[in-house]
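Visitor: I have a model open and would like to go through it. Start with how the elements are named, then I will ask as I go.

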Amino acid sequence: MYDLKKKGGLLRDERRMEMFREALEFCELIDVGYSNRWFTWERGNLTETNIQEHLDRGAANENWISMFPEVNVQHLVHSFSDHCPLLIDTNKEDKRRTKSHFKFEAWWILKDSIVDEAKYIWKTASGDFLKKLEILKKGLENWARQMRRNKQWKKEFLTTKLSKLIETERDDINLAEMIDTKIQLHFEIEKDERYWEQRARLNWLKVEIQLFSIAKQRRGGGRI
């Protein structure tokens, strides 16, 4: 929107920025502001080529803002993308709680410690077969919770470290450390993406089976 929202590189064309401001005004859109660092786009791993700009923003009309007066747009840290993600928080939390049921997650078998953990829980459990199964279920849930906490802690640690590095002045040491931290954070994000991709496929397959079952019953084929 303005040239002061850019650091490094060539100056933006004033006419283009004026047209963008006019487009927002014509559409009756208001910039809702932001928190965290001022820029949303960065490129250049050397001090002489590094450019920072405030390109991405949250904008809304007055009706939407009146519905969500406490809206907050946060500029989040990112790994390898030039653009940082924007988190739009309307501050309306869902207070509902759903009852959790035991599910053996596919990602558990990717952890080397799962076999030893299951053996230990079963070996130390007392009671009949059903009682030991219940203890095993509880034990694996606790183990999985700890694994998630460890993974979340690592992501939060890397995200916090990257946030601090982003806020500091750019130099060769700072940029090198940023790249290394981004690589580590990217690996953690990829793990999460693979997990949710797997969950999405499982949910899709479950829905497809249900639809196939309904279609077959309607054709008079009975249950499958």
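Guide: Helices here are DSSP runs of H or I with at least four residues, strands are runs of E with at least two, and the numbering starts from the N terminus. Keep in mind that this is a predicted model.

Visitor: Fine. Which helix is Glu-167 in, then?

Guide: Glu-167 belongs to helix H4. With 54% relative accessibility, Glu-167 counts as exposed.

Visitor: How many helices and strands does the protein have?

Guide: There are 5 helices and 7 strands. Along the sequence, the pattern reads β-α-β-β-β-β-α-β-β-α-α-α.

Visitor: And what share of the residues counts as buried?

Guide: The figure is 24% of the 224 residues. The accessible surface is about 16,700 Å², and carbon and sulfur atoms account for 55% of that. As for contacts with a separation of 6 or more, 58% are between residues 24 or more positions apart.

Visitor: Back to H4. What span should its 39 residues have?

Guide: At 1.5 Å a residue, H4 (residues 129–167) should span 57 Å, and its end C-alpha atoms are 57 Å apart, so the two agree.

Visitor: Which residues of H4 are buried?

Guide: Among them are Leu-136, Leu-140, Trp-143, Met-147, Leu-158, Leu-162 and Ile-166. The list also includes two lysines, Lys-132 and Lys-155.

Visitor: Now aromatics. How many aromatic pairs does the structure hold?

Guide: It holds 4. One of them is Trp-38 with Phe-39: the ring centres are 5.4 Å apart and the planes are at 75 degrees, so this pair is edge-to-face. Phe-39 counts as buried at 4% relative accessibility, whereas Trp-38 is partly exposed at 27%.

Visitor: What about Trp-153 and Phe-157, stacked or edge-to-face?

Guide: Stacked, with 5.4 Å from centre to centre and 15 degrees between the planes. Both residues are in H4, 4 residues apart, which is about one turn of the helix. An α-helix has 3.6 residues a turn, so residues three or four places apart point the same way. Trp-153 is exposed at 55% relative accessibility, and Phe-157 is partly exposed at 44%.

Visitor: Trp-41 next. Buried or exposed?

Guide: Trp-41 counts as buried, at 10% relative accessibility. It sits in strand E3 (residues 41–43). Leaving out residues up to four places away in sequence, Trp-41 touches Ile-51, Gln-52, Glu-53, Leu-55, Asp-82 and His-83.

Visitor: On to charges. How many salt bridges are there?

Guide: There are 9. In one of them, the side chains of Asp-31 and Arg-57 meet at 2.6 Å, N to O. That pair links distant parts of the chain, 26 residues apart: Asp-31 is in strand E2, and Arg-57 is in the loop between strands E4 and E5. Arg-57 counts as buried at 18% relative accessibility, while Asp-31 is partly exposed at 31%.

Visitor: What distance separates Lys-161 and Glu-177 in their salt bridge?

Guide: It is 3.8 Å, N to O. Lys-161 is in helix H4 and Glu-177 in helix H5, so the pair ties together parts that are 16 residues apart in sequence. Both ends are partly exposed: Lys-161 has a relative accessible area of 26% and Glu-177 has 34%.

Visitor: Give me one inside a helix as well.

Guide: Lys-137 and Glu-134 form a salt bridge at 3.1 Å, N to O. They both lie in H4, 3 residues apart, or about one turn.

Visitor: Backbone check. Where is Glu-28 found?

Guide: Glu-28 is in the loop between helix H1 and strand E2. Its phi is positive, about 55 degrees, although it is not a glycine. Asn-36 also has a positive phi, about 75 degrees, and lies in the loop between E2 and E3. Most residues other than glycine have a negative phi.

Visitor: Last one, the surface. Which residues form a nonpolar patch?

Guide: Phe-80, Ile-179, Ile-183 and Phe-187 form one, with about 350 Å² of accessible area together. Ile-179 is in helix H5 (residues 172–218) and counts as partly exposed at 31% relative accessibility.

How values were computed:
Residues numbered from 1 in each chain as written. Predicted model: local features only at pLDDT ≥ 70, side-chain atom pairs only at ≥ 80, totals over all residues. Heavy atoms only, no water. Patch = residues over 30% accessible without salt bridge, like charges linked within 9 Å, V, L, I, M, F, W, Y side chains within 5 Å. Areas by Shrake-Rupley, 256 points an atom, 1.4 Å probe, with all protein chains shown as cover. Salt bridge = Lys/Arg side-chain N within 4 Å of Asp/Glu carboxyl O. Buried < 20%, exposed > 50% of the residue type's maximum accessible area, 1.4 Å probe, protein only. Contact = heavy atoms within 4.5 Å. Expected span 1.5 Å × (residues − 1). Phe/Tyr/Trp six-rings, centres within 6.5 Å; stacked < 30°, edge-to-face > 60°.
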